[in-house]
Amino acid sequence: MAGKRQIQEINAGSMADIAFLLLIFFLVATTMNVDTGITRQLPPIPPDDMQVTEDMRVNERNLLPIFINTYDNILVAGRPTDITQLTDAVKQFVINPTNDENMPTKKNVDIEMPDGSTWTVPVSEAVVSLTSDRGTSYDIYIQVQNELTRAFSEMREDASMAKFNRSFVDLGDEERKAITDAVPQPISEAEPRNVGGN
Amino acid sequence: MKKKGKGGIPPISTASLPDVIFMILFFFMISTSMRETDILVKTQLPSASEVAKLEKKQLVSHIYIGQPVDSQQAQWGTAPQIQLNDSYQRLPDILEFVASERDKLSEADRMAMTVMIKADKSTRMGIISDVKQELRRANALKISYAASKTLAAGQ
């Protein structure tokens with residue numbers, strides 16, 4: 001004898017095929033990679049009629065010129081330097097621990113803290129100027145930029161540990177801004193020279 | 001009474017297969033983003049340890065610089081090319097490219113627009129700084145040099 005009549009179930013066997021089809025569509029039409037990169041702020045083009053006044057000029061002791069030549073050699077303030085020493089050289093220069101006469105000046109800056117107090121901190125006025133040649137390879141240029149970024153983020157980390165006793169990445173937005181004001185990232189990317197003849 | 005049924009192993013139930021596939025599908029839908037352009041230049045990115053993630057994808061415009069891919073080399077040679085959107089362009093076209101990218105964004109987002117330079121690591125700095133100069137002229141001052149992340153400190 002037949003059982004009770006029931007409404008027949010919808011066959012779900014092809015559901016897997018449909019799902020596979022959608023899956024394959026998304027695999028083909030999308031990309032997974034997240035954009036990562038070294039961010040920089042370019043200087044605006046100065047107007048043609050701009051006069052260079054005395055206070056706009058960077059004091060020579062504040063300037064750390066880094067030049068990468070067409071053979072990918074790195075010159076820091078005229079001295080050949082290996083890329084492994086670059087971070088320390090930059091940190092040493094910017095922090096100027098001994099208040100050397102020939103190294104960058106510091107200016108006391110009042111920074112508003114999130115809790116309402118002001119924090120007076122000596123901010124180094126150093127400027128790192130990175131110049132390359134037209135024939136310099138992009139690879140070494142990025143490596144140098146990477147070392148510079150590392151130098152400044154290590155200094156921010158140190159400042160954050162000293163001030164808040166917390167790592168820079170764990171800070172809130174306002175605290176992070178205070179540290180960023182205390183340790184700016186003054187990297188100037190000058191236009192390249194053309195010595196290599198490329 | 002004997003139980004009805006064939007002997008041997010019963011077939012494996014595939015009823016949960018759609019669920020599994022749907023799970024994979026949702027994973028891909030969430031973790032990926034739509035491919036927008038066909039890349040016509042070879043870009044092997046340099047690697048760096050101090051890279052930052054660009055959070056908002058819609059604010060980022062890409063400029064690709066590198067050797068044309070093999071299929072285009074017959075026509076374009078092997079000299080580095082600049083790719084904007086879907087085709088090779090010349091330097092002066094960057095101004096227009098930046099303007100059109102900026103128009104796509106809302107008023108509030110325009111200041112936060114970032115131009116990402118995706119250049120091959122064997123490229124020379126000459127073409128890159130020409131592009132940078134053009135970007136300054138177009139007043140797109142937030143840039144990012146694309147680099148892949150390495151764990152070690154670059155050495």
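## Terms and model

Axes are lines fitted to C-alpha atoms, for helices over the stretch in contact, and angles run from 0 to 180 degrees between N-to-C directions. Helices are DSSP runs (H or I, at least four residues), numbered from the N terminus.

This is a predicted model: local features need pLDDT of at least 70, side-chain atom pairs count only at pLDDT 80 or more, and totals for chains, interfaces and linings use all residues. Residues are numbered from 1 along each chain as its sequence is written, while chains are lettered from A and ligands numbered from 1 in the order in which they are written.

## Chain B: H3 and H4

In chain B, helix H3 (residues 93–104) packs on helix H4 (residues 125–137). The angle is about 50° and the axes lie 9 Å apart.

H3(B) supplies Ile94(B), Leu95(B) and Val98(B) to the contact (C-beta atoms, placed from the backbone, within 7 Å). H4(B) supplies Val131(B), Glu134(B), Leu135(B) and Arg137(B). By class, the contact has five nonpolar, no polar and two charged residues (Asp, Glu, Lys and Arg count as charged).

## Chain A: H2 and H3

In chain A, the axes of helix H2 (residues 86–95) and helix H3 (residues 138–164) come within 9 Å and cross at roughly 45°. H2(A) is therefore oblique to H3(A). The crossing is right-handed.

Among the contact residues are Leu86(A) and Val90(A) of H2(A), and Leu148(A) and Met155(A) of H3(A). The contact divides into eight nonpolar, one polar and four charged residues.

Conventions. Helix = DSSP H or I, 4+ residues; strand = E, 2+ residues; numbered from the N terminus. Parallel < 35°, antiparallel > 145°, perpendicular 65-115°, else oblique. Left-handed = near helix turned anticlockwise from the far one by under 90°. Contact = placed C-beta atoms within 7 Å.
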